[in-house]
Amino acid sequence: MLKTLKDLFDALRPPEAADSAQNQQHLLQLATAVLLVEVMRADPELGAAERRAVIAALRDKFALADDEIERLLELAEQTARTATDYFSFTSRINERFEMVQKLRMIEHMWRVAYADGTLSAHENHLMRKVADLLYIPHGAYVHAKMRAQQAAEG
């Protein structure tokens with residue numbers, strides 16, 4: 001019984017600042033990875049090119065080792081399968097990313113969408129929805145799309 005009470009008090013106690021900052025960073029990485037995975041999953045023909053694009057985006061956004069990226073990607077795929085909305089992920093990104101970082105993320109998402117050389121209607125719809133949730137201005141959204149499309153073409 002004493003152990004149960006101690007567990008309860010420990011759960012109510014606020015986390016230490018360092019632990020909280022590290023946890024917040026992990027949650028931000030997961031939110032970013034889930035949105036990238038969602039673009040990958042929006043294509044009915046899941047291929048290796050999209051997975052490589054997701055890994056490249058995570059490598060660019062976060063300084064992670066290859067095994068950490070693989071673990072993050074695996075967790076993101078599991079989380080994406082059970083997610084019911086995008087708001088919980090985009091709200092975390094809105095809290096922590098400046099507009100420049102969000103624009104870079106949208107460009108990475110476009111690169112995932114264009115990785116296989118085609119853009120499906122589902123990918124296009126998802127991109128518009130996420131861009132709206134991230135408060136991306138339409139002009140910046142279009143420019144990010146154009147940059148990703150040019151990168152995919154050559």
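**Figure 1. Leu-30, a buried residue of helix α2.** In this predicted model, Leu-30 is buried, with a relative accessible area of 15%. Its place is in helix α2, which covers residues 17–42. Not counting residues up to four places away in sequence, Leu-30 touches Leu-72, Leu-75, Ala-76 and Thr-79.

**Figure 2. The overall make-up of the protein chain.** The protein chain has eight helices and zero strands. Read from the N terminus on, the order is α-α-α-α-α-α-α-α. The protein chain holds 154 residues, and 38% of them count as buried. Among contacts with a separation of 6 or more, 75% join residues 24 or more positions apart.

**Figure 3. The largest nonpolar core.** Nonpolar side chains tend to be buried together in soluble globular proteins. Here the largest nonpolar core has 44 residues. Which residues have the most contacts inside this core? They are Leu-35, Leu-58, Ile-93, Ile-106, Met-109 and Trp-110. Helices α2, α3, α4, α5, α6, α7 and α8 each supply at least two residues of the core. Helix α2 gives the most, with 11 residues.

**Figure 4. The surroundings of Ile-93.** Ile-93 is among the core residues with the most contacts inside the core. Leave aside its neighbours within four places in sequence, and Ile-93 is in contact with Leu-28, Ala-31, Thr-32, Leu-35, Lys-102, Met-105 and Leu-134. Of these partners, Leu-35 is also listed among the core residues with the most contacts.

**Figure 5. Helix α6 packed on helix α7.** Two packed helices are described by the angle between their axes and the distance between the axes. Helix α6 is made of residues 99–114, and helix α7 of residues 121–133. Their axes come within 11 Å and cross at roughly 170°. Angles over 145 degrees count as roughly antiparallel, so α6 is roughly antiparallel to α7. On the α6 side, the contact is made by Ile-106, Met-109, Trp-110 and Ala-113. On the α7 side, Glu-123, Asn-124, Met-127, Val-130 and Ala-131 take part. The residues of this contact divide into seven nonpolar, one polar and one charged. Ile-106, Met-109 and Trp-110 of this contact are also among the residues with the most contacts inside the largest nonpolar core.

**Figure 6. His-108 in helix α6.** Is His-108 buried or exposed? At 7% relative accessibility, His-108 counts as buried. The residue lies in helix α6. Leaving aside its neighbours within four places in sequence, His-108 is in contact with Leu-36, Ala-57, Asp-60 and Lys-61.

Figure 7. Side chains of opposite charge can pair when their charged atoms come close. Glu-107 is buried, with a relative accessible area of 6%. The side chains of Glu-107 and Arg-104 meet in a salt bridge, at 3.6 Å from N to O. Glu-107 and Arg-104 are three residues apart in helix α6, so about one helical turn separates them. Arg-104 is partly exposed, at 31% relative accessibility. Arg-147 and Glu-107 also form a salt bridge, with an N to O distance of 2.8 Å. Arg-147 lies in helix α8 (residues 138–153) and Glu-107 in helix α6, so this pair ties together parts that are 40 residues apart in sequence. Arg-147 is partly exposed, with a relative accessible area of 38%. Salt bridges that share partners join Asp-60, Arg-104, Glu-107, Arg-111 and Arg-147 into one network. Asp-60, a member of this network, is also a contact of His-108.

Figure 8. How many salt bridges does a search of the whole structure find? The search finds 10. One of the salt bridges joins Asp-67 with Arg-71, whose closest N and O atoms are 3.5 Å apart. Both residues lie in helix α4 (residues 66–82). Asp-67 and Arg-71 are four residues apart, about one turn of the helix. Asp-67 counts as partly exposed, at 45% relative accessibility. Arg-71 is exposed, with a relative accessible area of 52%.

Key
Residues numbered from 1 in each chain as written. Predicted model: local features only at pLDDT ≥ 70, side-chain atom pairs only at ≥ 80, totals over all residues. Heavy atoms only, no water. Axes fitted to C-alpha atoms, helices over the stretch in contact; angles between N-to-C directions. Parallel < 35°, antiparallel > 145°, perpendicular 65-115°, else oblique. Contact = heavy atoms within 4.5 Å. Nonpolar A, V, L, I, M, F, W, Y, C, P; charged D, E, K, R; others polar. Salt bridge = Lys/Arg side-chain N within 4 Å of Asp/Glu carboxyl O. Buried < 20%, exposed > 50% of the residue type's maximum accessible area, 1.4 Å probe, protein only. Core = buried A, V, L, I, M, F, W, Y, C linked by side-chain atoms within 4.5 Å.
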